[in-house]
Amino acid sequence: MTGSLYTRVVLTFLVSVIGGTILSFLATTWIFQDKLNENLQGSLLDFGQDIVRIYETLPLHEAEMFISEMKQLNSYHIRIYKATDQFQSYGELKEQHPFPVTTEQVKKVLDGERVQFNGIDTFFLGLPIKTEMGSKAMFVEPLTSSSTSFLIKFVLTFMICSLIAGSLLILIAAMFLVRPIKKLTEATRLIAAGDFNVKLNIKQKGEIGALARSFEEMMHDLKQLEQMRREFVANVSHEVQSPLTSISGFAIALKQVDLPDDERSDYLDIIITETARMSKISDSLLKLSLLESQSLQMRLATLSLDEQIRQVIVAIQPQWSARNIQFDLDLQPTKITADHDQLNQVWINIFGNAIKFSEDGARISIRIKQNIKNVTIRISDSGIGILPEDQKRIFDRFFKADRSHSQKYEGSGMGLAIVKQIVSLHQGDIRVESEYGRGTTFIVILPITTPTE
């Protein structure tokens with residue numbers, strides 16, 4: 001129970017308030033104690049001096065009668081000593097105990113000295129009185145508690161009432177504070193169990209509201225990631241199962257003793273092709289995994305981007321020359337700092353897609369434009385284009401935008417995902433512009449100098 005947030009909030013409040021109140025009380029008492037006692041001493045001294053003047057002005061009998069009828073006796077208690085053990089008192093003490101006066105103090109006052117005692121709960125004043133019957137010692141004590149004592153009682157009472165009221169309020173407030181936390185905890189448990197359709201219904205503002213909104217966004221992202229994970233598993237299973245089925249089928253066929261040599265050779269060619277296809281899928285998955293984990297070290301160097309693009313086009317010439325595809329180049333000389341091998345992979349994948357989805361005899365346009373910070377590369381083709389709803393997902397692993405042509409165009413759907421990761425590692429950006437049936441343009445934006453971190 002003590003480990004719950006609710007209990008910790010309440011206990012933290014109580015400890016903070018009690019500690020702060022005690023420290024404030026001690027500091028206030030220490031600061032104002034002398035001032036309060038000084039005020040009380042002044043009023044007590046004035047009253048005592050008035051009594052002395054009465055005794056010095058009036059005859060003893062009249063003075064005693066006058067004093068015994070004073071209304072101030074409701075607030076003060078007076079003791080007048082004729083000797084050290086004989087005194088006459090004026091005023092009713094009620095429940096208050098009389099202050100103790102020592103024989104030594106009485107002697108001092110009888111000898112004409114003034115005696116004053118200051119305490120937290122006890123305060124009195126001794127003054128000498130000269131009468132026609134000789135010297136007497138008068139001791140005056142306030143019947144009410146001293147200002148300091150009153151302040152202490154007031155602060156203690158106030159502290160107790162504040163703690164009681166504050167505790168009740170914090171108990172109620174903590175319930176509203178902890179309730180959304182409990183909802184978030186329950187939602188976390190459900191998400192961990194695989195349920196992403198959790199409704200928080202937390203409408204609070206401030207930090208709790210911001211936390212709830214962030215949690216909902218995280219939940220939405222996790223739901224998308226889970227969907228992507230399922231699609232990824234399904235796509236991997238599909239891409240791997242197809243060549244495995246072919247390899248298994250033709251391997252069984254090769255076991256036939258009377259199989260003609262030409263068919264045996266064809267079957268072996270198919271097995272080799274499918275094996276190469278699986279190897280390519282495996283290599284692509286491994287490369288993408290390394291790129292996404294950022295464990296692949298960037299080997300940055302200054303390179304000529306226009307020259308690199310020309311070299312890639314020459315390297316893939318067998319793909320485009322056989323179909324009479326032409327390249328329209330507008331490549332201004334550009335120097336950038338990047339990883340040569342990784343950028344090579346970017347151009348190979350993008351150019352390969354442009355060739356694959358273009359008609360025979362088509363033209364592919366490549367343009368380079370440079371400003372102070374970035375270089376922009378536009379690769380445009382006049383191929384089949386991409387549907388608007390597919391353009392948001394073409395950089396996902398295994399996603400194929402040519403679903404209606406899935407049998408016509410080969411590919412694992414990994415190429416653009418690899419391109420996206422490489423461009424991101426270079427602190428760049430890649431976008432696509434396409435109109436279905438009229439071609440596609442990929443726009444790659446790279447910094448002139450790639451940050452090392």
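**Entry 1. Confidence**

pLDDT is the predictor's confidence in each residue, on a scale from 0 to 100. I note at the outset that this is a predicted model. I looked up the stretch at residues 403–407 and found that pLDDT stays under 50 there. For these residues the model has 4 contacts beyond four places in sequence. I then took the protein as a whole: the average pLDDT is 77, and 77% of the residues score at least 70.

**Entry 2. Overall composition**

I counted the secondary structure next, and the protein comes to 10 helices and 12 strands. Of its 453 residues, 37% count as buried. Among contacts with a separation of 6 or more, 67% join residues 24 or more positions apart.

**Entry 3. Helix 9 against helix 10**

Which residues of helix 9 meet helix 10? I list Gln342, Leu343, Gln345, Val346, Asn349, Ile350 and Asn353 on the helix 9 side. Their partners in helix 10 are Gly415, Leu416, Ile418, Val419, Ile422, Val423 and Leu425. By class, I find 9 nonpolar and 5 polar residues in this contact, and no charged ones.

For the geometry, I took helix 9 as residues 340–356 and helix 10 as residues 415–425. The two pack at an angle of about 145 degrees, and their axes lie 9 Å apart. I noted the crossing of helix 9 and helix 10 as left-handed.

I then asked which residues of helix 10 are buried. They are Leu416, Ala417, Ile418, Val419, Ile422, Val423 and Leu425.

After helix 10 comes Gln427, where I noted a positive phi, near 60 degrees. Gln427 is not a glycine. I placed Gln427 in the loop between helix 10 and strand 11, the latter spanning 429–435. Gln427 has a relative accessible area of 47%, so I class this residue as partly exposed.

I looked up Asn324 as well, a residue other than glycine whose phi is positive and near 60 degrees. Asn324 sits in the loop that runs from helix 8 (317–321) to strand 7 (326–330). Is Asn324 buried or exposed? Its relative accessibility is 51%, and therefore Asn324 counts as exposed; the cut-off for that class is over 50%.

**Entry 4. Ile67 in helix 2**

I located Ile67 in helix 2, residues 60–68. Ile67 counts as buried because its relative accessibility is 0%. With neighbours within four places in sequence set aside, I find Ile67 in contact with Ile51, Ile54, Tyr55, Leu73, Ile78 and Tyr90. For one of these, Ile54, I recorded the spacing: 13 residues along the sequence from Ile67, and 8.3 Å from C-alpha to C-alpha.

I turned to helix 5, residues 206–254, which holds Leu244. Leu244 has a relative accessible area of 38%, so I class this residue as partly exposed.

Asp269 I found in helix 6, residues 261–293. The relative accessible area of Asp269 is 41%, and therefore this residue also counts as partly exposed. I checked the spacing of Asp269 and Phe250, which stand 19 residues apart along the chain. Their C-alpha atoms are separated by 9.9 Å.

Conventions
Residues are numbered from 1 along each chain as its sequence is written. This is a predicted model: local features need pLDDT of at least 70, side-chain atom pairs count only at pLDDT 80 or more; totals for chains, interfaces and linings use all residues. Side-chain values use heavy atoms; hydrogens and water are left out. Axes are lines fitted to C-alpha atoms, for helices over the stretch in contact, and angles run from 0 to 180 degrees between N-to-C directions. Helices (H or I, at least four residues) and strands (E, at least two) are DSSP runs, numbered from the N terminus. A crossing is left-handed if the near helix is turned anticlockwise from the far one by less than a right angle, and right-handed if clockwise. Contact means heavy atoms within 4.5 Å. Ala, Val, Leu, Ile, Met, Phe, Trp, Tyr, Cys and Pro count as nonpolar, Asp, Glu, Lys and Arg as charged, and the others, Gly among them, as polar. Buried means under 20% relative accessible area, exposed over 50%, partly exposed in between (1.4 Å probe, protein chains only).
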